[in-house]
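Hi everyone, thanks for coming.

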Amino acid sequence: MLDLSRQYASLRQELLEAVSRICDSQKYILGEEVNAFEREFAALCTAREAVGCASGTDALWLGLVAAGVKPGDSVITSPFSFFATASSIIRAGARPVFADVDPQTLNLDPSRVEASLRSGGARRTAIMPVHLYGQCADMDAFVSLSAEFGVPLVEDAAQAVGASWSGKLAGSWGAANAFSFYPTKNLSAFGDAGALTTNDPALAEHARSLRNHGGKQRYYHDEIGANSRLDAIQAAVLRVKMPHLARWNEGRRQRARVYDHLLHSAGLTKTGANSSAPVTLLKTRAQAEHIFHQYVIRVHQRDQLRDFLKERGVSTEIYYPVPLHLQKCFAYLGYTPGGLPEAEQAAKDVLALPMFAELEEYEQKHVVDCIAEFYS
Ligand SMILES: Cc1ncc(COP(=O)(O)O)c(C=O)c1O
């Protein structure tokens with residue numbers, strides 16, 4: 001799926017020097033390295049501020065709380081995402097409200113969110129769109145809904161560093177926005193790390209306090225926060241990698257075009273004339289600059305295809321096999337099968353193919369040849 005060693009080989013010397021610089025300084029938590037990372041990451045996202053923290057999961061929680069989500073509120077989000085999208089809402093004391101996804105992109109569908117807001121009554125709400133697989137959700141629509149209903153937007157941009165919508169970058173739209181630098185992400189640390197971005201300096205200051213046990217001064221606590229500080233080593237690694245991100249994202253886009261072309265030329269993709277073909281490509285919207293964190297197709301006989309590919313040495317992944325509203329731990333929310341049919345169907349037919357900037361064309365050809373062999 002992802003060979004991290006190829007990227008590491010290309011930057012090994014610089015990365016080791018950066019880590020070594022932190023070891024020599026013996027300053028491991030927050031400090032000047034994290035401050036410098038925050039300035040550079042905010043600039044990369046064209047946001048006013050960035051706040052480094054321990055993971056994308058924590059960035060979501062910090063973002064929700066700093067954006068003013070309170071116990072008893074509800075947050076409308078996608079049921080077709082990673083678990084942390086919903087668990088962070090519960091950690092903030094709020095209730096996740098799931099609205100269905102657009103079947104062409106699998107991103108949260110603004111018309112479903114609007115219906116949910118109109119039927120929501122007096123409860124205070126926030127909206128959390130997820131930029132799934134590296135394509136921004138329809139941010140023009142979500143910004144209008146946020147303004148019309150007076151509710152904050154919190155972007156789950158964990159998969160979308162460097163992606164944009166209508167020319168505006170992920171992480172620059174919402175009141176607070178969360179990024180993950182988990183090692184498999186497009187911009188990745190040497191372990192867990194995350195950040196939130198915001199255009200509101202007061203919100204950033206609140207998040208900085210929350211990530212450090214809810215206090216600005218050591219041993220004085222204004223509220224109960226968490227230990228979610230960013231390590232200086234992770235900041236140093238990210239600072240080495242950031243200047244390469246645009247090139248890596250372009251490499252992913254180019255490889256996505258190669259997959260599209262290979263699948264299409266093999267006669268595997270659905271077209272007007274070939275509507276029974278086994279593979280459906282997801283749509284990239286005209287407003288979206290996709291960064292292909294994942295290259296995902298929708299396929300017939302998904303699980304059999306996956307086993308067949310595995311036997312031939314091709315790894316694939318399923319993001320995500322169980323939609324959030326049907327997770328056992330959320331049974332108490334009262335959703336039942338059939339409630340969000342687009343997300344439920346996607347959970348049955350999505351398949352992510354190997355994708356990273358150093359993937360070779362012959363490897364992509366092998367993947368598609370194996371898919372064609374399965375369906376022949
Ligand atoms: C959409 C989404 N949200 C949140 C997260 C959580 O990020 P982390 O793993 O850094 O906690 C992830 C990471 O996989 C993600 O993909």
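Here is what I will go through: cavity, pockets, a helix and some loops.

A word on the ground rules. This is a predicted model, where local features need pLDDT of at least 70, side-chain atom pairs count only at pLDDT 80 or more, and totals for chains, interfaces and linings use all residues. Residues are numbered from 1 along each chain as its sequence is written, and side-chain values use heavy atoms, with hydrogens and water left out.

Let's start with empty space. Rolling a probe the size of a water molecule over the atoms shows where such space is left. We work on a 1 Å grid over the protein atoms alone: a cavity is a set of points where a 1.4 Å probe fits but cannot get out, while a pocket is an open set with protein on both sides within 12 Å along at least five of seven lines; lining residues have an atom within 4 Å of a point. Points are joined across faces, edges and corners, and a volume is the space filled by probe spheres set on them.

How many cavities of 30 Å³ or more are there? The count is one. The largest cavity holds about 100 Å³ and has 14 lining residues, with Leu2, Gln7, Arg252, Phe356 and Glu358 nearest its centre. Helix H1 (4-25) and helix H9 (245-265) each supply at least two residues of that lining; helices (H or I, at least four residues) and strands (E, at least two) are DSSP runs, numbered from the N terminus. By type, the lining has six nonpolar, four polar and four charged residues. Nonpolar here means Ala, Val, Leu, Ile, Met, Phe, Trp, Tyr, Cys and Pro, charged means Asp, Glu, Lys and Arg, and the others, Gly among them, are polar.

Two or more lining residues come from helix H3 (56-66) and from helix H4 (83-91), with H3 giving the most, three. That lining divides into twelve nonpolar, twelve polar and five charged residues.

The second largest pocket is about 390 Å³. Of its 15 lining residues, Leu30, Asn212, Gly215, Arg218 and Arg229 lie nearest the centre. Three of the lining residues are nonpolar, seven polar and five charged.

On to helix H12, residues 361-375. With 15 residues at 1.5 Å each, H12 should span 21 Å, and its end C-alpha atoms are 21 Å apart, which agrees; the expected span is 1.5 Å times one less than the number of residues. Which residues of H12 are buried? They are Glu363, Gln364, Val367, Val368, Cys370, Ile371 and Phe374. Buried means under 20% relative accessible area, exposed over 50%, and partly exposed in between (1.4 Å probe, protein chains only). Among the elements covering them are H1, H9 and strand E12 (295-299), where contact means heavy atoms within 4.5 Å.

Finally, the loops. A cis peptide bond joins Tyr319 and Tyr320, with omega about 15 degrees. Gln301, in the loop between E12 and H10, has a positive phi of about 50 degrees although it is not a glycine.
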